[in-house]
Amino acid sequence: MKKITDKWYVSLFIVPILLTYLTNFLTLPKILSIWEYSIISSLVIIILIFVYEIIKLKKRCNFLDSIPTEEDKKIIKKLLKSIDLEIFEDDVFNQNSWYGYKKEAINNIISFKFKSQLLKNKTRDKHLNSLIIDFNNKLLIFTEYSSTKLYGDSESFYTPLKDSEERKIVARRDCEKMNEMTSNCFKKLEILIEYLKSKKYI
C-alpha cells in the first residue's frame with residue numbers, strides 16, 4: 001500500500017492545479033476549463049489508476065501465496081507419509097472390499113484425516129487446503145460407511161460378514177458402495193497430487 005501512495009499521491013495535488021493553471025493560457029474542453037470539473041475529472045482518473053494498482057498488487061500477492069514455502073512442503077510431506085500413497089492405491093483403491101481391507105491401510109486413512117484437520121497442518125495455499133478438504137470429505141464418507149460394514153475378524157484385515165447366504169447378499173450390496181466410495185476418494189487424490197506436482201510441492 002505504501003508503494004501505491006508513494007507513486008500516486010502527488011497527483012492528487014498537482015493535476016488539478018496544473019489543469020486549472022493551463023486554462024488561463026489554453027483553450028481546453030469545457031470539462032477541464034471549469035475548476036470544479038477539472039478536480040473531479042482528475043480525481044476520477046486517479047481513482048481508476050489507484051484501483052488498477054490495487055488489482056495488480058492483489059494478483060501479485062496471490063501469485064506469491066501460491067509459491068510453496070519450505071514449511072508448506074514439510075506439511076505436505078508429513079500428510080502424504082501418514083496416508084502412504086502406495087498402500088492407499090494398492091490396498092484400498094485397487095482392493096475389492098469383498099475381500100476386506102488391511103488394517104494398516106484403514107489406520108493410515110484415519111491418521112491422515114486427523115492430521116490434515118489440525119490447524120498447524122494448514123498451508124498458506126488456500127486452493128491446496130481446499131483440495132485436501134475435498135479429499136478428506138470423501139475419506140470421511142468411506143470410513144463412516146465402512147465402519148458399520150466391516151469387522152476385524154483377524155489381526156490384519158477388516159472384512160464384511162459373509163457367514164450366511166443372507167449376509168452375503170447384504171455384503172455384496174455394501175461392497176459395491178464401498179468400492180464406489182474408494183474410487184471417488186482416489187479421483188480426489190489424483191487431483192490433489194496433480195496440483196502438488198504442478199506447484200512443485202513434491
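Residues are numbered from 1 along each chain as its sequence is written. Because the model is predicted, local features need pLDDT of at least 70 and side-chain atom pairs count only at pLDDT 80 or more, while totals for chains, interfaces and linings use all residues, and side-chain values use heavy atoms, with hydrogens and water left out.

**Cavity**

The structure holds one cavity of 30 Å³ or more. A cavity here is a set of points on a 1 Å grid over the protein atoms alone where a 1.4 Å probe fits but cannot get out, and its lining residues have an atom within 4 Å of a point. Volume is the space filled by probe spheres set on the points, which are joined across faces, edges and corners. The largest cavity has about 40 Å³ of space. Its lining consists of Ile76, Leu79, Leu80, Phe112, Leu128, Ile132, Leu192 and Leu196. Helix 5 (70-83), helix 8 (126-146) and helix 9 (165-198) each give two or more residues to this lining; helix 5 gives the most, with three residues. Helices are DSSP runs (H or I, at least four residues) numbered from the N terminus. The lining has eight nonpolar residues, no polar and no charged ones, where Ala, Val, Leu, Ile, Met, Phe, Trp, Tyr, Cys and Pro count as nonpolar, Asp, Glu, Lys and Arg as charged, and the others, Gly among them, as polar.

**Aromatic pairs**

Rings of Phe, Tyr and Trp (its six-membered ring) pair if their centres lie within 6.5 Å; planes under 30 degrees apart are stacked, over 60 edge-to-face and the rest tilted.

| Pair | Centre distance | Plane angle | Class |
|---|---|---|---|
| Phe88 and Phe135 | 5.9 Å | 85° | edge-to-face |
| Phe93 and Phe186 | 4.0 Å | 10° | stacked |

Phe88 in helix 6 (residues 85-93) and Phe135 in helix 8 are 47 residues apart. Phe93, in helix 6, and Phe186, in helix 9, are 93 residues apart. Phe88 is buried at 2% relative accessibility, and Phe135 is buried at 0%. Phe186 is buried at 10%, whereas Phe93 is partly exposed at 27%. Buried means under 20% relative accessible area, exposed over 50% and partly exposed in between (1.4 Å probe, protein chains only). Ring pairs also link Phe88, Phe112 and Phe135 into a cluster.

**Helix 9**

The 34 residues of helix 9 should span 50 Å at 1.5 Å a residue, and the end C-alpha atoms are 49 Å apart, which agrees. The expected span is 1.5 Å times one less than the number of residues. Just after helix 9, Lys200 takes a positive phi of about 65°.

Definitions and conventions:
On a 1 Å grid over the protein atoms alone, a cavity is a set of points where a 1.4 Å probe fits but cannot get out, and a pocket is an open set with protein on both sides within 12 Å along at least five of seven lines; lining residues have an atom within 4 Å of a point.
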